[in-house]
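Colleague: Before I plan around this model, could you take me through its parts?
Modeller: Gladly; here is the structure.

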Amino acid sequence: MEKDGWEGGRLLINLAAIAANYAQLSALAGPAECGAAVKANAYGLGLKEVSQTLHQAGCRTFFVAHLAEGVALRQCVGEDSRIFVLHGPPPGTANAFLTHALLPVLNSLPQVQEWQALAHAQGRMLPAALQVDSGMSRFGLTEADVEHLTTHTQALTGLDVVLVMSHLACADAPEHPLNQRQLTTFLRLKQRLPAAPASLAASSGIFLGQDWHFDLVRPGAALYGINPTPGRPNPMHPTIRLQARVIQTRLVPAGACVGYGATFTAAQDTSVALLGIGYGDGFPRSLGGRGFVVSPDWPDIKLPIIGRISMDSLAVDLTPLATAGVPLPPAGAVFDLIGPHAPLDEIAFLADTIGYELLTDLGHRYHRLHYDPRKG
Ligand SMILES: Cc1ncc(COP(=O)(O)O)c(C=O)c1O
């Protein structure tokens with residue numbers, strides 16, 4: 001173990017940057033309230049630290065996917081915060097929502113009925129969100145379901161509808177015609193349901209403009225530094241830095257190959273560094289032969305990842321450093337795999353995926369350090 005406590009890889013998570021992103025999105029969405037999607041362990045960055053940072057920044061409405069995530073989140077934020085569970089109550093679990101003060105997002109008639117049955121049993125109105133499907137065909141009440149709810153007088157008794165929501169399929173492509181179609185459908189369906197605050201936009205939807213904001217926006221990705229406006233400069237602050245240490249360097253002679261499958265053969269004698277990070281850490285194997293790393297001291301020099309990525313290590317071609325006359329790194333030297341000069345979205349693109357997947361895949365093997373530069 002190195003003296004500062006980490007060996008293979010470490011993930012630095014900048015909580016001040018997450019708070020700054022929240023402030024920026026809040027300002028953009030205002031007067032709409034800005035909530036936060038913290039499902040999947042706050043997109044891999046740590047539910048407790050992230051939710052408490054957001055709470056401190058003023059967030060009082062959180063979204064998770066699963067009941068269990070809601071239960072975990074309730075331990076992190078106080079009763080002054082609303083927690084919506086996007087998948088609604090799995091059959092037979094409605095009581096647990098009450099125990100943990102969670103709000104279900106009701107997506108189907110059976111979910112509505114489940115929540116209603118509990119309300120009747122309790123002899124009181126119970127709060128819930130209704131989600132309508134405005135054109136993504138994922139979760140939410142269909143047009144026919146809404147028709148049913150509005151034509152059967154008892155269909156909504158016992159429900160205190162605190163939010164009507166839907167989700168956009170193509171908000172990251174502002175010109176896509178589905179955006180306008182979903183907006184129109186949402187307005188139409190919402191009008192048929194009990195009057196309640198409304199929510200349509202997640203990260204990219206906020207950037208579509210005020211028509212999409214309604215009363216509450218629900219960003220996730222943009223809070224964590226993923227670009228909500230692909231194809232344009234990223235307006236958000238980067239929040240993570242993924243680093244790995246050099247385990248050893250070696251001179252690979254011309255004609256020798258590197259790594260499993262011998263997919264890389266040195267054209268000339270090549271200095272290679274082996275870093276202690278691999279797919280076992282959640283670093284994408286698809287970056288073998290396609291990705292790059294940078295030294296924090298020489299951030300403009302990209303060093304290609306060569307050969308296949310192993311479970312616990314990857315190989316980097318040091319030739320660009322040698323060409324620039326920079327001394328080769330010793331064992332223990334640190335490289336950035338994601339960071340200011342290796343942006344998350346660019347690395348995700350090279351890995352043939354999206355920032356969302358890259359973040360949520362970042363494993364627990366890394367030494368994780370949450371830090372807040374505001375606190376010194
Ligand atoms: C219903 C819902 N709302 C909000 C979000 C947050 O989306 P984003 O991370 O794009 O901001 C998601 C994410 O998938 C979602 O499914």
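Colleague: Into which domains is the protein chain divided?
Modeller: This is a predicted model, in which local features need pLDDT of at least 70 and side-chain atom pairs count only at pLDDT 80 or more, while totals for chains, interfaces and linings use all residues. Residues are numbered from 1 along each chain as its sequence is written, and side-chain values use heavy atoms, leaving out hydrogens and water. With bounds from an automatic or database domain assignment, the chain is divided into domain 1 (31–224) and domain 2 (240–375).

Colleague: How much area do domain 1 and domain 2 bury between them?
Modeller: Buried area is the accessible area (1.4 Å probe) that two parts lose on being put together, summed over both. Of the area between these domains, 58% is on carbon and sulfur atoms, and the total is about 840 Å².

Colleague: Which residues of domain 1 lose the most area to domain 2?
Modeller: Three residues together account for 48% of what the domain 1 side buries. They are Y43, G44 and L45.

Colleague: Where does the largest nonpolar core lie, and which residues have the most contacts inside it?
Modeller: A nonpolar core is a set of buried (under 20% relative accessible area, 1.4 Å probe, protein chains only) Ala, Val, Leu, Ile, Met, Phe, Trp, Tyr and Cys residues joined through side-chain atoms within 4.5 Å. The largest has 101 residues, and because domain 1 and domain 2 both give residues to this core, it lies between them. Those with the most contacts inside it are V38, L54, Y224, L275 and F283.

Methods
Buried < 20%, exposed > 50% of the residue type's maximum accessible area, 1.4 Å probe, protein only.
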